[in-house]
Amino acid sequence: MAGEKKNWFQVAQDRIQIAGTKLGQNPEITEILRNPQRTLSVSIPVRMDDGTTKVFQGFRCQHNDAVGPTKGGIRFHQDETLEDVKALATLMTLKCAVVGLPYGGGKGGIVVDPTKLSTGELERLSRGYIRALGTFVGPDRDVPAPDVNTTGQIMAWMVDEYSKLTGHNTFALMTGKPLILGGSLGRTAATGLGGVYCLRLAAKKMGMSLKGATVAVEGFGNVGFYAAKILREEDGAKIVAITMVSGGVYDPKGIDPDDLKAYENKNGTVKGYKGLDNVSNEQLRALDVDIYIPAALQNAILKDNAKDVKAKIVVELANGGVNPDADEILEKNGAFVIPDILGNAGGVTVSYFEWVQNNYGYYWSEKEVNEKLERVMTEAFERVHNMYTTHKADKITMRMAADMVAVERIG
């Protein structure tokens with residue numbers, strides 16, 4: 001793996017370069033798109049519970065605002081780096097453009113292990129971050145959201161702090177908020193549901209029925225859980241394997257995601273559930289299933305292990321779950337890949353709906369949210385698939401097609 005471990009930001013830049021070249025786009029536009037517009041690094045002093053002061057490093061990157069304010073999550077992680085934030089902001093620009101949202105990409109992060117902080121320390125850090133960013137963010141400039149290790153509660157603290165700065169409630173600053181602070185119905189399931197909408201369209205194109213289709217899900221957080229639950233309940237698919245960081249379960253007869261979630265909530269792991277076969281992430285990827293859903297962290301499928309994937313459809317719900325180097329191998333082996341910037345764009349789409357509802361002060365029912373989400377995902381899937389079939393002779397992959405749709409729109 002070491003040989004092909006390119007810096008994530010370079011991978012994102014390469015994708016823009018390839019898309020621009022295949023489109024025959026003006027190279028000046030491609031060059032502008034390869035580089036983030038602005039990046040801010042901040043130091044956040046926090047008074048700890050023991051009376052000492054610790055300084056934390058934070059970042060915010062705004063990649064491109066050609067089509068509207070930038071949009072993207074804030075992660076709290078001990079390994080967070082500026083390069084990562086720049087890479088994710090770049091991919092967010094592509095993701096918003098592929099589904100046609102009036103947003104560019106942004107991303108933020110703080111270098112911290114939040115599990116080591118008390119609730120009070122976490123609140124002071126969250127508020128300190130927003131104070132440090134100040135007017136760098138705002139409802140019409142840059143709209144943050146939760147990401148790895150950040151929650152609705154953290155968003156609530158940040159919105160409250162920002163509202164103090166502006167002197168009035170500014171709910172539209174953030175998305176992924178609790179409902180009581182202007183959050184949107186349907187947001188929790190949105191990423192998983194958006195992926196399922198794309199999967200249904202892909203299955204139709206391949207003449208494959210989802211009823212009884214076997215599914216393996218890598219990652220059992222919010223996204224993996226909802227994708228599995230919806231596929232089982234609404235499509236009659238059979239979820240045969242689910243893995244987490246701490247192990248996994250495999251049952252050819254099928255797994256009930258709700259029941260497994262209840263077990264995991266109680267035991268902190270899915271290991272040992274009903275005494276089922278323990279299955280590792282490596283084994284899960286090589287299972288003989290119809291559908292494989294990487295919904296955990298980046299780089300699950302690389303050049304080295306792409307040949308092991310037997311699934312006919314791969315729905316990339318994790319950001320960067322499939323390395324672009326692996327795409328051609330997967331496609332050669334007959335797998336249809338729904339790339340991350342399309343497959344997991346349901347989350348940012350409903351975040352956009354949340355922002356619209358905040359700006360209007362008018363809120364929709366969950367049914368309305370889901371209907372609007374289905375329309376956006378369907379149009380985006382068809383746009384990408386058309387680009388894919390039109391440029392088939394150019395030997396492009398579905399990921400390249402999605403990048404091309406995005407780069408063309410921003411250009």
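Start by selecting helix α4 (residues 119-133) together with helix α5 (residues 152-166): their axes lie 8 Å apart and the two pack at an angle of about 45°. Keep in mind as you look around that this is a predicted model. Angles of 65 to 115 degrees would count as roughly perpendicular and those under 35 as roughly parallel, so α4 and α5 are oblique to each other.

Now show side chains. On the α4 side of the contact, pick out residues including Leu 122, Tyr 129 and Ile 130; among those they meet from α5 are Ile 154, Trp 157 and Met 158. Charged residues take part too, with Glu 123, Arg 127 and Arg 131 among them in α4, and Asp 160, Glu 161 and Lys 164 among them in α5. Sorted by type, the residues of this contact come out as eight nonpolar, two polar and six charged.

Next stop: strand β10, residues 291-294. Is this strand covered on one face or on both? Both: Ile 291 and Ile 293 are buried on one side, and Tyr 292 and Pro 294 are buried on the other. In a regular strand, side chains alternate between the two faces of the sheet.

Strand β6 (residues 214-218) runs parallel to β10, joined by four bridges. Strand β11 (residues 313-315) also pairs with β10 in the parallel sense, over two bridges.

Finish on Ile 291. Val 215 stands opposite this residue, while in β11 its bridge partner is Ile 313.

Note on methods:
Residues are numbered from 1 along each chain as its sequence is written. This is a predicted model: local features need pLDDT of at least 70, side-chain atom pairs count only at pLDDT 80 or more; totals for chains, interfaces and linings use all residues. Side-chain values use heavy atoms; hydrogens and water are left out. Buried means under 20% relative accessible area, exposed over 50%, partly exposed in between (1.4 Å probe, protein chains only). Two strands pair if DSSP finds at least two bridges between them. Axes are lines fitted to C-alpha atoms, for helices over the stretch in contact, and angles run from 0 to 180 degrees between N-to-C directions. Angles under 35 degrees count as roughly parallel, over 145 as roughly antiparallel, 65 to 115 as roughly perpendicular and the rest as oblique. Contact means heavy atoms within 4.5 Å.
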